[in-house]
Amino acid sequence: MNIKNIVVAASLLAAAGAAMAEAPYPPETPFHSTQTRADVKAELQRAQANHEIASRNEYPLLRQAPSKLSRQDVESQVRQANNAGQSLYSGA
């Protein structure tokens, strides 16, 4: 009797899982563009000309913040932190 209940429960769970697998969630809606390829290319060129979007090989330049510490100062701070059992990257 107990094995029969387990078999029935397992088959119901398998059937429910299969039923859920048929319908995608969230429901997929097909996308249909109203612009032509030429329209999209023209809009991209306009945006690049106005510097609204970076061109393909143009990466943003990240400037390093100026530091008043020398390399030796930084190395000594790291050594002191290691000797004290602290981490400079602990977020404190």
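Tutor: Arg71 is exposed, with a relative accessible area of 66%; here buried means under 20% relative accessible area, exposed over 50%, and partly exposed in between, with a 1.4 Å probe and protein chains only. This is a predicted model, in which local features need pLDDT of at least 70, side-chain atom pairs count only at pLDDT 80 or more, and totals for chains, interfaces and linings use all residues. Residues are numbered from 1 along each chain as its sequence is written, and side-chain values use heavy atoms, with hydrogens and water left out.

The side chain of Arg71 meets that of Glu75 in a salt bridge, at 3.2 Å from N to O. The term stands for a side-chain nitrogen of Lys or Arg within 4 Å of a carboxyl oxygen of Asp or Glu. Glu75 and Arg71 are separated by about one helical turn because they sit four residues apart in helix H3. Glu75 itself is partly exposed, at 32% relative accessibility.

Now for the helix that carries this pair. Helices (H or I, at least four residues) and strands (E, at least two) are DSSP runs, numbered from the N terminus. H3 has 14 residues, which should span 20 Å at 1.5 Å a residue, and its end C-alpha atoms are 20 Å apart, in agreement. That expected span is 1.5 Å times one less than the number of residues in the helix. Just after H3 comes Gly85, with a positive phi of about 80 degrees.

A nonpolar patch lies on the surface, formed by Leu69, Val74 and Val78, which together have about 210 Å² of accessible area. Patches are made of residues with over 30% relative accessible area and no salt bridge, where like charges are joined within 9 Å and nonpolar side chains (Val, Leu, Ile, Met, Phe, Trp, Tyr) within 5 Å. The areas come from the Shrake-Rupley method with a 1.4 Å probe, and for residues only the protein chains shown count as cover. Leu69 is partly exposed, with a relative accessible area of 43%, and belongs to the loop between helix H2 (37–49) and helix H3 (71–84).

That loop also holds His51. His51 has a positive phi of about 60 degrees although it is not a glycine, and it is exposed, at 66% relative accessible area. As for H2, its 13 residues reach 18 Å from first C-alpha to last, close to the 18 Å expected at 1.5 Å a residue.

Searching the whole structure gives two salt bridges. Glu52 counts as exposed, at 53% relative accessibility, whereas Arg46 counts as partly exposed, at 41%.

Stepping back, the protein has three helices and zero strands. Of its 92 residues, buried ones make up 2%. The protein exposes about 9400 Å², and carbon and sulfur atoms supply 57% of that area.

Finally, a word on pLDDT, the predictor's confidence in each residue, from 0 to 100. Its mean over the protein is 80, and 76% of the residues reach 70 or more. Among the elements, H2 has the highest mean pLDDT (92) and helix H1 (residues 2–22) the lowest (74).
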